[in-house]
Amino acid sequence: MSETLVFLPAWNEEENLPAVLDELQRELPEADVLVVDDGSIDRTAEIARDHGAAVISFETNRGLPSGIASGYEYAAQHGYAWCGRVDADGQHPVSELKRLLERVRLGECDVAVGSRFATGDGFAPYRYKPSGPRRFGTAVLRRAIAVPLGRPFLDATSGMYAVNARAAEVLARPYTTEAPEVEALLRLNEEGLRVEEVPVDMRPRAGGESKLQGKKSLLVVLTIAGTLLAFLRLRRHQ
Ligand SMILES: Nc1nc2c(ncn2[C@@H]2O[C@H](COP(=O)(O)OP(=O)(O)OP(=O)(O)O)[C@@H](O)[C@H]2O)c(=O)[nH]1
Ligand SMILES: [Mg+2]
């Protein structure tokens with residue numbers, strides 16, 4: 001068994017998964033790979049197995065928050081020292097995850113989050129432009145999240161993570177909102193874990209459909225706002 005697990009939440013990603021799993025094999029051959037197949041009705045699970053990945057399959061779609069918790073839970077239960085998460089749609093270059101994992105392995109932080117919006121180290125500002133309504137959501141979230149964290153955090157919905165065992169345990173607890181990454185940052189902050197936002201490049205989704213469209217994206221923005229409000233109210237009453 002390897003010391004590192006990389007997991008991918010996946011829902012009907014047969015189109016993108018082969019390239020992502022090949023890239024993982026090429027760039028991070030030492031890592032074990034887990035695909036959390038969330039009620040997919042395509043060949044997601046089969047492709048994952050054919051590529052030698054471990055697979056957790058849910059009968060029906062439980063939603064991304066469950067998929068994320070399951071990935072970290074698997075890492076914690078199997079005693080992995082390090083755990084990475086990338087999307088199954090090809091947006092997260094494995095070479096970038098590798099850099100995040102290195103920082104965590106060196107003990108520079110407990111959690112490294114890949115950021116599209118952070119700058120420095122040769123990563124130019126405005127290199128990634130969210131489209132239409134997402135631009136508004138991103139701007140609001142950026143202002144809101146800085147309040148409970150007590151510091152700026154530019155890409156609070158990024159799913160590209162590298163974490164150590166202690167953080168994996170914290171992230172494995174069930175999520176109560178539709179904004180699991182935002183919830184994760186608040187939780188890590190409460191637990192006093194060191195979270196570093198690391199500039200990375202991300203790619204556009206390679207193929208297939210975004211799971212975050214129309215009504216669903218509005219729901220996410222609303223739950224993010226709700227999560228933050230509930231958090232602030234709770235803190236005021238403590
Ligand atoms: N387990 C699980 N994974 C999901 C679910 N919805 C999306 N995912 C996966 O989560 C990752 C992110 O989903 P995307 O639809 O790409 O969301 P996004 O990256 O915010 O949106 P785009 O920029 O449009 O790609 C992908 O690997 C999806 O397959 C779900 O309900 N369950
Ligand atoms: Mg995506």
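How many residues does helix α5 have, and how far does helix α5 reach from its first C-alpha to its last?

## Helix α5

Helix α5, residues 132-149, has 18 residues and reaches 27 Å from its first C-alpha to its last. This is close to the 26 Å expected at 1.5 Å a residue, the expected span being 1.5 Å times one less than the number of residues. Helices here are DSSP runs of H or I with at least four residues, and strands are runs of E with at least two, numbered from the N terminus.

Within α5, the buried residues include G137, T138, L141, I145, P148 and L149. Buried means under 20% relative accessible area, exposed over 50%, and partly exposed in between, with a 1.4 Å probe and protein chains only.

## Basis of the model

The model is predicted: local features need pLDDT of at least 70, side-chain atom pairs count only at pLDDT 80 or more, and totals for chains, interfaces and linings use all residues. Residues are numbered from 1 along each chain as its sequence is written, chains are lettered from A and ligands numbered from 1 in the order in which they are written, and side-chain values use heavy atoms, with hydrogens and water left out.

Ligand 1 has 19 residues around it, of which E13, D38, A88, D89 and S210 come nearest; a residue is near if one of its heavy atoms lies within 4 Å. The shell holds 7 nonpolar, 5 polar and 7 charged residues. At least two shell residues come from each of β1 (4-10), β2 (32-38) and α3 (64-77).

Oxygen atoms of ligand 1 meet the backbone in polar contacts (pairs of N or O atoms within 3.5 Å). A polar backbone atom of P9 is 2.8 Å from a ligand oxygen, a backbone N or O atom of W11 is at 3.2 Å, and one of L64 is at 3.3 Å. Taken alone, ligand 1 exposes 630 Å², and the protein buries 89% of that; areas come from the Shrake-Rupley method with a 1.4 Å probe.

## Magnesium site

The magnesium ion, ligand 2, is coordinated by D89 (OD) and Q91 (OE1) at 1.9 to 2.0 Å. Donors are N, O and S atoms within 2.8 Å of the metal (3.2 Å for Na, K and Ca); water is not among the atoms, so sites may look incomplete. D89 is buried, at 3% relative accessible area, and Q91 is buried at 17%.

## Residue V86

V86 lies in the loop between β4 (82-85) and α4 (94-105). Its relative accessibility is 0%, so V86 counts as buried.

Technical notes:
A polar contact is a pair of N or O atoms within 3.5 Å; within protein, one must be able to donate a hydrogen and the other to accept it, and residues adjacent in sequence count only if both atoms are side-chain atoms. Ala, Val, Leu, Ile, Met, Phe, Trp, Tyr, Cys and Pro count as nonpolar, Asp, Glu, Lys and Arg as charged, and the others, Gly among them, as polar.
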